[in-house]
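Colleague: Could you give me a close look at a single part of this model, the sheet and whatever packs on it? Please mention the cut-offs as you go.

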Amino acid sequence: MQVILLERVGKLGQMGDVVRVKDGFARNFLLPKGKALRATKDNRSRFETMKTELEARNLEQRGEAEKVGQKLDGQSFTVLRQAAEGGQLYGSVSPRDIAALVIEKGFKIDRNQIALNTPFKTIGIHKVPVALHPEVEVTITVAVARNADEATRLARGEDITVARTEEQEAAAEALANAEAFFDPEAAEARAAEEAETPAEESK
């Protein structure tokens, strides 16, 4: 289907361009969202009369988007989620979740403006593009962590999956030291058992 774009659409063209798109994309997205008109003779002449108004509206919207973008660009947001030891989330962080965080901080955006193709499924620092306007895109940072302490460590650049392993090793060492202090015989028996194991395996 051929359509006339009423605004800039990424990877398609600028306002006023006549482009060929898949019928489903036109019917389900471009036409109902008011981003395009069918490229009929009537609509071509209709576009010419609408052009000045559309350009003025586009300019105004872009100006508003740029104001929001200056404040939003580079902002950091934190999402707390339960996750497995390896950092895999029990669930995911979707554009809806991110939009809610941004709105909570006082920014006026729509979840459709979060340009995220697939939800996050791991803990870590993620860069997220936000399309405030067809011609204005900014980037925010989203830290996904299990708790506030992990979020702080992520912000410092630590690899929290590794850090957790080191903590576990330290805890195991502390346990062994405590056992040696309170029950020296059990600790000696365990040490002797560990020393004998490699010798038995080599026989």
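**Around the sheet**

Modeller: Quick bit of context first: searching the whole structure turns up seven salt bridges (a side-chain nitrogen of Lys or Arg within 4 Å of a carboxyl oxygen of Asp or Glu). Bear in mind that this is a predicted model, with local features needing pLDDT of at least 70 and side-chain atom pairs counting only at pLDDT 80 or more, while totals for chains, interfaces and linings use all residues. Residues are numbered from 1 along each chain as its sequence is written, and side-chain values use heavy atoms, with hydrogens and water left out.

Arg27 and Asp23 make a salt bridge, their closest N and O atoms sitting 3.8 Å apart. The two are four residues apart in helix H1, so about one helical turn separates them.

Now the part you asked for. The sheet is open and built from three strands in the order S4-S8-S7, with mixed pairing. Helices (H or I, at least four residues) and strands (E, at least two) are DSSP runs numbered from the N terminus, and two strands pair if DSSP finds at least two bridges between them. Strand S4, residues 76–80, and strand S7, residues 124–133, are the edge strands; each has a single partner strand, so one side of each has no neighbour in the sheet. On average, neighbouring strands here are turned by 30° against each other, ignoring direction (angles, 0 to 180 degrees, are between N-to-C directions of lines fitted to C-alpha atoms, for helices over the stretch in contact).

Let's zoom in on S7 and its partner. S7 pairs with strand S8, residues 136–145, in the antiparallel sense, and nine bridges hold that pairing. One place to look is Ile125, which stands opposite Ala143 in S8. To get from S7 to S8, the chain takes a hairpin through two residues.

Then there are the helices. Helix H2, residues 41–72, packs on the sheet and touches S4, S7 and S8 (contact meaning heavy atoms within 4.5 Å). The direction of H2 makes about 155° with that of S7. Helix H3, residues 95–104, also has a place here: H3 lies across S4, S7 and S8, and runs at about 125° to S4.
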